[in-house]
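Open the model in your viewer and keep the selection tool handy. We will walk through it stop by stop, picking residues as we go.

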Amino acid sequence: MKKNFKPESLMMSHGYKPELSEGSIKCPIFQTSTFVFKTAEEGKAFFELAYGLRPKDEGEELGLIYSRINNPNLEILENRLSLWDKADDSAVFESGMSAISTVLLEFLKPGDLLLYSSPTYGGTDHFIHDFLPKIGVDSVAFHADDSEEQIEAIIKATGKADRLGMIYIETPANPTNSIIDIEMCNRIAANHKNGEGKTYVCVDNTYMGPVWSKPLEIGADLVVYSATKFIGGHSDLIAGAVMGNSELMIRVKTLRTFLGNMVSPHTAWLMLRSLETLKIRMEKQSENAQKVANFLNTHDKVEKVHYLGLIGEDSPYYELYKRQYNAPGAMISFNIKGGEKEAFKFLNALELIQLAVSLGSTESLAQHPQTMTHCAIEPKARERMGVTANLVRISIGVEDAGDIISDVEQALNKV
């Protein structure tokens, strides 16, 4: 890799050698389950590396064995994806929840405490509350408006401050766009240990994607994505990703090998295509979102708009926003005046924007978090998060901004 080239310039070629694939300009789909060894000795050497039985010799690379362990599409995808976050390595999974659950399973053990930010994605919240207790992992939440001192007090009150295995944060939060200070979480983690081990910081960066935020550069240990969203970006695949340093990624990839939740060759191939347009798509989406947010912010049927691009210089979150993000993103949520009835009238009246869950795709999508993605969360906790009956979430796509605004306006007029 030529170091003077930016990631967006390397998405067409990095990690791929056309001469190994009949000169094909694009990486073919390696739709195979297994790979032929040249010799038995080569097969032995590959397995020794794959199972961690010995360290790599200088210049040695893990050869192709079996598509649950490695595959050309998977390896090239992970090499390219790592460039965006400047990660040592990445691991791609069959879904965002596969990526998240694998990380939590690998870095938490019975007796540990998980500190997590609330709100978080509904699936993550469910895994934390319904599965982790079954394996003896306790959890406790904090919110964006909690101070560092308050968070330390929350940890202390659990009686497990010496078993803090991980701080897991989703920032900006889904669906409220609340932002969490990653550097603050790094400081809190440094104050604790998990027995004799380290307390890790993991950031779900799905809402900002690898273009608008770089959690690893800020000091996080791991970053996770629902790669279905901006990375995939076309509503035609399901995938997840984890990134971090080599030491941690060996652990993640080893568990992935035995859980068998790696991405398929075809999905990896689709994602390689998506990475080529990642930056230009996300730039257009953020540009559109700012215009839509500005419109909503002045509409008399809108109570409040939650969008990073509307954070004013007088806000206590402004400095954090400017320090942590390089763009306001494409996710908008807003409180419509009224309740569920008014929110549903708005959603049902949309014509261009599609009524569907998910986000980060080329088409604009709208949904009602309280009754859809966050419906399983306990009502009082949901209210504390700000996921109220009148909250609507919109993921802004790459359509003409004027057309998106026109559709939002006519739908609001019908409420």
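**Stop 1: the domains.** Keep in mind throughout that this is a predicted model. Begin by colouring three selections: domain 1 (7–23 + 67–274), domain 2 (33–66) and domain 3 (279–414). Now look at domain 2 and domain 3: their centres, taken over C-alpha atoms, are 49 Å apart.

**Stop 2: strand S4.** Select residues 164–170, which make up strand S4. Is S4 enclosed or open? Seven of its seven residues are buried, so the rest of the structure largely encloses this strand.

Strand S2 (residues 113–118) pairs with S4 in the parallel sense, over four bridges. To find your place in that pairing, show Leu-115 and look for Ile-167 of S4 opposite. Then select residues 200–204, strand S7, which also pairs with S4 in the parallel sense, here over five bridges. In this pairing, Tyr-168 stands opposite Cys-202 of S7.

**Stop 3: strand S1.** Move to residues 89–93, strand S1, where five of the five residues are buried.

Which way does the partner of S1 run? Strand S9 (residues 240–244) runs antiparallel to S1, and five bridges join the two.

**Stop 4: the largest nonpolar core.** Select Leu-296, Ile-332, Phe-334 and Phe-346, the residues with the most contacts inside the largest nonpolar core, which has 70 residues. Then show helix H13 (residues 278–296), which gives the most to this core, with seven residues. Bring back your domain colours: domain 1 and domain 3 both give residues to the core, so it lies between them.

**Stop 5: a patch on the surface.** Finish by selecting Phe-47, Tyr-51, Leu-53 and Phe-258. Together they form a nonpolar surface patch with about 440 Å² of accessible area. Zoom in on Tyr-51, in the loop between helix H2 (40–50) and helix H3 (72–85). Tyr-51 has 39% relative accessibility, so this residue counts as partly exposed.

Methods: Residues are numbered from 1 along each chain as its sequence is written. This is a predicted model: local features need pLDDT of at least 70, side-chain atom pairs count only at pLDDT 80 or more; totals for chains, interfaces and linings use all residues. Side-chain values use heavy atoms; hydrogens and water are left out. Buried means under 20% relative accessible area, exposed over 50%, partly exposed in between (1.4 Å probe, protein chains only). Two strands pair if DSSP finds at least two bridges between them. Patches are made of residues with over 30% relative accessible area and no salt bridge: like charges are joined within 9 Å, nonpolar side chains (Val, Leu, Ile, Met, Phe, Trp, Tyr) within 5 Å. Accessible areas come from the Shrake-Rupley method with a 1.4 Å probe; for residues, only the protein chains shown count as cover. A salt bridge is a side-chain nitrogen of Lys or Arg within 4 Å of a carboxyl oxygen of Asp or Glu. A nonpolar core is a set of buried Ala, Val, Leu, Ile, Met, Phe, Trp, Tyr and Cys residues joined through side-chain atoms within 4.5 Å. Domain bounds come from an automatic or database domain assignment.
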